[in-house]
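Work through the exercises below with the model open. Try each task before reading its solution.

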Amino acid sequence: MKKFFMLTVVSLTLVLATAGTVFATEYKVGELTISDVWSRASPSVAKAGAVYMTITNNGAMMDMISGIKTSMAGKAMVHESKMVDGVMKMEHAMHVMIKPGEALTMEPGGFHVMLMKLTGELTDGTSFPLTIEFKNAGSVELTVNVKKK
Ligand SMILES: [Cu+2]
């Protein structure tokens with residue numbers, strides 16, 4: 001039983017190591033570091049999509065997302081998914097703060113960049129550019145990797 005558990009741990013570590021090398025791209029803008037930028041592949045009929053990433057604030061000042069633009073969508077904004085009375089709902093997150101020394105993780109079920117009025121298909125294995133602007137750090141162009149996850 002113990003041996004089986006050990007084997008599971010070893011194989012899980014290998015999977016994580018592999019994933020790490022593929023999505024290791026990190027972006028720096030001002031005192032912020034952005035990593036794990038990805039979007040979930042969706043069927044061609046989809047009208048909307050979502051982008052996820054991790055934004056880490058290495059500085060001493062609070063920062064805030066002030067704008068998002070991408071050729072992949074007519075409109076892009078930060079949403080937060082929340083459970084309300086047992087139902088998953090999304091709402092527009094107006095002032096998303098990234099506190100000093102902290103990280104904002106955008107992941108399925110929580111914060112995400114909502115892509116509305118998609119201009120193309122979110123096909124597995126492709127990528128597209130997305131520019132994110134911060135109140136203090138300025139703006140940076142990211143490459144969003146589309147994948148099934
Ligand atoms: Cu949303």
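**Exercise 1: Strand pairing around S2**

Start with S2 and S3: six bridges join them, and the pairing is antiparallel. The model is predicted.

Task: Find the residue that stands opposite Ser39 in S3, then work out how S2 pairs with S1 and S11.

Solution: 
- Step 1. Go to Ser39. Val51 in S3 stands opposite Ser39.
- Step 2. Turn to S1, residues 26-29. S1 and S2 pair in the antiparallel sense, over four bridges. Tyr27 has Ile34 of S2 as its bridge partner.
- Step 3. Inspect the hairpin of S1 and S2. Two residues lie between the strands, and Gly30 takes a positive phi near 55°.
- Step 4. Now take S11. S2 and S11 pair in the parallel sense, over three bridges. Arg40 has Lys147 of S11 as its bridge partner.

**Exercise 2: The overall layout**

Task: Determine how many helices and strands the protein has, and in what order they run.

Solution: 
- Step 1. Count the elements. There is one helix, and there are 11 strands.
- Step 2. The order is α-β-β-β-β-β-β-β-β-β-β-β.
- Step 3. Check the contacts between residues at least 6 apart in sequence. Of these, 68% join residues at least 24 apart.

**Exercise 3: The nonpolar core**

Task: Locate the largest nonpolar core and name the residues with the most contacts inside it.

Solution: 
- Step 1. Begin with burial. The protein has 149 residues, and 23% of them count as buried.
- Step 2. In soluble globular proteins, nonpolar side chains tend to be buried together.
- Step 3. Identify the core. The largest nonpolar core holds 27 residues; Val51, Val113, Leu115, Leu130 and Val144 have the most contacts inside it.
- Step 4. Trace the contributors. Elements giving two or more residues to this core include strand S2 (32-40), strand S3 (49-57) and strand S11 (138-147).
- Step 5. Follow Leu115. Beyond its neighbours within four places in sequence, its contacts include Ala48, Val51, Thr70 and Met72.

**Exercise 4: Met88**

Task: Decide whether Met88 is buried or exposed.

Solution: 
- Step 1. Met88 belongs to strand S6, residues 87-92.
- Step 2. Count neighbours. Met88 has 9 other C-beta atoms within 10 Å.
- Step 3. Apply the cut-off. A residue is exposed if the count is 12 or fewer, so Met88 is exposed.
- Step 4. List its contacts. Setting aside residues up to four places away in sequence, Met88 touches Ser81 and Met83.
- Step 5. The C-alpha atoms of Met88 and Gly109 are 8.2 Å apart, with the two residues 21 apart along the chain.

Note on methods. Residues are numbered from 1 along each chain as its sequence is written. This is a predicted model: local features need pLDDT of at least 70, side-chain atom pairs count only at pLDDT 80 or more; totals for chains, interfaces and linings use all residues. A residue is buried if 20 or more other C-beta atoms lie within 10 Å of its own, exposed if 12 or fewer, and partly exposed in between; C-beta atoms are placed from the backbone. Two residues are in contact if their C-beta atoms, placed from the backbone, lie within 7 Å. A nonpolar core is a set of buried Ala, Val, Leu, Ile, Met, Phe, Trp, Tyr and Cys residues joined through C-beta atoms within 7 Å. Two strands pair if DSSP finds at least two bridges between them.
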